[in-house]
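Please have a look at it before I go on.

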Amino acid sequence: MDVAYFLAVPVQTVYSWRGQGRGPKGRLVGRRLRYRPEDVREWVAALSTDVA
């Protein structure tokens, strides 16, 4: 699953979240950053539904 596509955000946003300690859990596999689909879904489900 492409996390940026799934979340409808630019790829750089996903990398930025990771650098800030936010976003779904990711793992390095070799030199590549990988996300487990279930981790991404859990992260989305845990987000606040409040509108800013």
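When I say salt bridge, I mean a side-chain nitrogen of Lys or Arg within 4 Å of a carboxyl oxygen of Asp or Glu. Please bear in mind that this is a predicted model, in which local features need pLDDT of at least 70 and side-chain atom pairs count only at pLDDT 80 or more, while totals for chains, interfaces and linings use all residues. Residues are numbered from 1 along each chain as its sequence is written, and side-chain values use heavy atoms, with hydrogens and water left out.

The structure holds 3 salt bridges. In one of them Arg36 pairs with Glu38, the closest N and O atoms being 3.1 Å apart; Asp39 also reaches Arg36, at 3.5 Å between the closest N and O atoms. Asp39 forms a salt bridge with Arg27 as well, where the corresponding separation is 2.7 Å, and this pair links distant parts of the chain, 12 residues apart, with Asp39 in helix α3 and Arg27 in strand β1 (residues 27-29); helices (H or I, at least four residues) and strands (E, at least two) are DSSP runs, numbered from the N terminus.
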